[in-house]
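The following briefing sets out what can be read from the structure shown below, grouped by topic.

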Amino acid sequence: MDTHRPRTASRRGSLAVLATALAPVLGMTALAACGSDDGGGTTSSASVRPSAPATASFTGSAPSALRSLAESAKAAVSAAASSASARASAFEASVSAEAARAGAAAEKELKDVDGRGNATADVSLTGKPRAQTGGLLAVVVNITNRSGDTASYAVRVDFRDPDGKVVETRYVGAEDLAPGERAQPLAVSRRPSEPQLTAEIAKAQRY
């Protein structure tokens, strides 16, 4: 009779119970081992998902800011247009009442003049920069008394569009110029800047 067999069976049963009890621990150890790298540090095989943005905290301030910028831009454009108009008005106001009176006298004098008049050789035009006129088209009418006597002048300036059509007329004048004396009244167009106009001397009369 083998007296060692029952003891061996009992030992095997105890080992089985112990293995069953240790299985969860061994599984956790293996999982931890799988997470180890060669450098001795541990890495996690699980990925971390970023949390969704807290949209409830959005207040709509960004669209409000965009609207504010758009309104500011519109206000700036309006202010620039108003400023340009003010500059143009100021330039026109700088033309004296005396010049306006001389223009009216010139128009009256040229009313009965046939052809281009007797003094076109004494008159020429020079353009004036729009930066100095508030954006208006203005020309300097150079009048020089080339005769030997004191004389007055009446000048008609026509403004033509790109098709050659006269779209505006201005009258300027100079009175009692001594021989060789020069006057430089302005002829100012009040038409829009587009289309571009061309100024020309239509009539010039010495009287």
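The largest nonpolar core holds 19 residues, and those with the most contacts inside it are Val 123, Val 141, Ile 143, Val 155, Val 157, Phe 159 and Ala 187; a nonpolar core is here a set of buried Ala, Val, Leu, Ile, Met, Phe, Trp, Tyr and Cys residues joined through side-chain atoms within 4.5 Å. At least two residues of this core are supplied by each of strand 2 (138-144), strand 3 (151-160), strand 4 and strand 7 (198-206), and strand 3 gives the largest share, with five residues. The model is predicted, with local features needing pLDDT of at least 70 and side-chain atom pairs counting only at pLDDT 80 or more, whereas totals for chains, interfaces and linings use all residues. Residues are numbered from 1 along each chain as its sequence is written, and side-chain values use heavy atoms, with hydrogens and water left out.

**Overall organisation**

- The protein has three helices and seven strands, where helices (H or I, at least four residues) and strands (E, at least two) are DSSP runs numbered from the N terminus.
- Read from the N terminus on, the elements follow the order α-α-α-β-β-β-β-β-β-β.
- Of the 207 residues in the protein, 23% are buried; buried means under 20% relative accessible area, exposed over 50%, and partly exposed in between, with a 1.4 Å probe and protein chains only.
- Among contacts between residues at least 6 apart in sequence, 68% join residues at least 24 apart, a contact being heavy atoms within 4.5 Å.

**Val 141 in the core**

- Val 141 is listed among the core residues with the most contacts inside the core.
- Not counting residues up to four places away in sequence, Val 141 touches Val 123, Ser 124, Leu 125, Val 155, Val 157, Val 172, Ala 183, Gln 184, Pro 185 and Ala 187.

- Glu 168 is found in strand 4 (residues 166-177), and it counts as buried because its relative accessibility is 9%.
- The side chain of Glu 168 makes a polar contact of 2.9 Å with the side chain of Arg 170, and it also reaches the backbone nitrogen of Arg 190 at 2.9 Å; a polar contact is a pair of N or O atoms within 3.5 Å, where within protein one must be able to donate a hydrogen and the other to accept it, and residues adjacent in sequence count only if both atoms are side-chain atoms.
- Leaving aside neighbours within four places in sequence, Glu 168 is in contact with Val 157, Asp 158, Phe 159, Val 188, Ser 189, Arg 190, Arg 191 and Leu 197.
- Ser 189 lies in the loop between strand 6 and strand 7 and is buried, with a relative accessible area of 1%.
- The side chains of Ser 189 and Glu 168 are joined by a polar contact of 2.4 Å, while a polar atom of the Ser 189 side chain lies 3.2 Å from the backbone nitrogen of Arg 191.
- With neighbours within four places in sequence left aside, Ser 189 is in contact with Leu 136, Leu 137, Phe 159, Glu 168 and Leu 197.
- Ser 189 and Val 167 are 22 residues apart in sequence and 9.8 Å apart in space, C-alpha to C-alpha.

**The cavity**

- The structure holds one cavity of 30 Å³ or more; on a 1 Å grid over the protein atoms alone, a cavity is a set of points where a 1.4 Å probe fits but cannot get out, and lining residues have an atom within 4 Å of a point.
- The largest cavity contains about 40 Å³ of space, a volume being the space filled by probe spheres set on the points, which are joined across faces, edges and corners.
- Arg 130, Leu 137, Ser 189, Arg 191, Pro 192, Ser 193, Pro 195, Gln 196 and Leu 197 line the largest cavity.

**Backbone features**

- A cis peptide bond, with omega of about -5°, joins Glu 194 and Pro 195, and Pro 195 lies in the loop between strand 6 (186-188) and strand 7.
- Asp 176, found in strand 4, has a positive phi of about 55° although it is not a glycine, and at 57% relative accessibility Asp 176 counts as exposed.

**Helix 3**

- Ala 99 is found in helix 3 (residues 97-110) and counts as partly exposed at 33% relative accessibility.
- Ala 99 and Ala 174 are 75 residues apart in sequence and 8.6 Å apart in space, C-alpha to C-alpha.

How values were computed:
On a 1 Å grid over the protein atoms alone, a cavity is a set of points where a 1.4 Å probe fits but cannot get out, and a pocket is an open set with protein on both sides within 12 Å along at least five of seven lines; lining residues have an atom within 4 Å of a point.
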